[in-house]
Every structure is written in structure tokens, then in C-alpha cells.
Amino acid sequence: MNELHDHFFAKTIDHYKWLNQVDRAMLDGKSTELGVQTDDHRCKLGTWLYGGGRREAEKAIPELAPLLKKLEAPHAHMHASAAEINAVLAKRSGDDIDNA
């Protein structure tokens, strides 16, 4: 149980770092991309959430299944929003960067 807690806590920290990178890229006035994973299945949490780690956790603690299911949509939305932000940042021109 402690191992699962530690593992999930580490994934939470990974996403705080991810959000911090998003904030930095959006606010620096220079970035033309976020530099973060936009595929919710390929980030560290996503590989766990859609892979064997989740299956093992749900087998050990069946009560987790509905909670983890509820996590899927907001997690996917967060990564999709980063893809949308990347599209906006990609349109930054040299003029935009010089005037920031």
C-alpha cells in the first residue's frame, strides 16, 4: 500500500512540474512551444493509468477502480489543453517575441 501511495505521489509531483513548465513557456513571451508531453497516454501518469500499474493497483484495491476512472477525463483534458496552447504559441512571430 505504501509503495502505491509513493508511486502515485511521484506522478502527482511530475504533473506539478509539467504545469510549472507550461506556466513558464506561456509567460516568458519567447517560447513557441511548451516542451511538455501532450499525449495523456504517454506521460508518466498516463503510462501507469492506462497500463499494468493501474491494473495491479485495482486488483490489490478494487475500490480504486471508480476513482481512477474519474481521473481519466480531467487528465486527458489537461494534456489536450497543452496541445491547444502549443498551437497558439507556434503562431508567435519574431515581432511578438521582440515586443513581449
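1. The model is predicted; local features need pLDDT of at least 70, side-chain atom pairs count only at pLDDT 80 or more, and totals for chains, interfaces and linings use all residues. Numbering starts from 1 along each chain as its sequence is written, and side-chain values use heavy atoms, with hydrogens and water left out.

2. Helix H1 covers residues 2-27 and packs on H4 at about 20 degrees, the axes lying 12 Å apart. Helices here are DSSP runs (H or I, at least four residues), numbered from the N terminus. Axes are lines fitted to C-alpha atoms over the stretch in contact, and angles run from 0 to 180 degrees between N-to-C directions. H1 is therefore roughly parallel to H4 (angles under 35 degrees). The crossing is left-handed (near helix turned anticlockwise from the far one by less than a right angle).

3. Which residues of H1 meet H4? They are Leu4, Phe8, His15, Trp18, Leu19, Val22, Ala25 and Met26. Their partners in H4 include Leu64, Leu68, His75 and Leu89. Contact means heavy atoms within 4.5 Å. By class, this contact has 14 nonpolar, three polar and no charged residues. Ala, Val, Leu, Ile, Met, Phe, Trp, Tyr, Cys and Pro count as nonpolar, Asp, Glu, Lys and Arg as charged, and the others, Gly among them, as polar.

4. Helix H3 (residues 52-60) also meets H4 (residues 64-90); their axes come within 9 Å and cross at roughly 145 degrees. On the H3 side, the contact uses Arg54, Ala57 and Glu58. H4 supplies Leu64, Ala65, Leu68, Lys69 and Glu72. The contact of H3 with H4 divides into four nonpolar, no polar and four charged residues.

5. The largest pocket has a volume of about 210 Å³. A pocket is an open set of points on a 1 Å grid where a 1.4 Å probe fits, with protein on both sides within 12 Å along at least five of seven lines; lining residues have an atom within 4 Å of a point. The volume is the space filled by probe spheres set on the points, which are joined across faces, edges and corners.

6. Ten residues line this pocket, with Glu3, Leu4, Gly53, Glu56 and Ala57 nearest its centre. H3 gives the largest share, four residues. The lining has six nonpolar, two polar and two charged residues.

Methods:
Helix = DSSP H or I, 4+ residues; strand = E, 2+ residues; numbered from the N terminus. Parallel < 35°, antiparallel > 145°, perpendicular 65-115°, else oblique.
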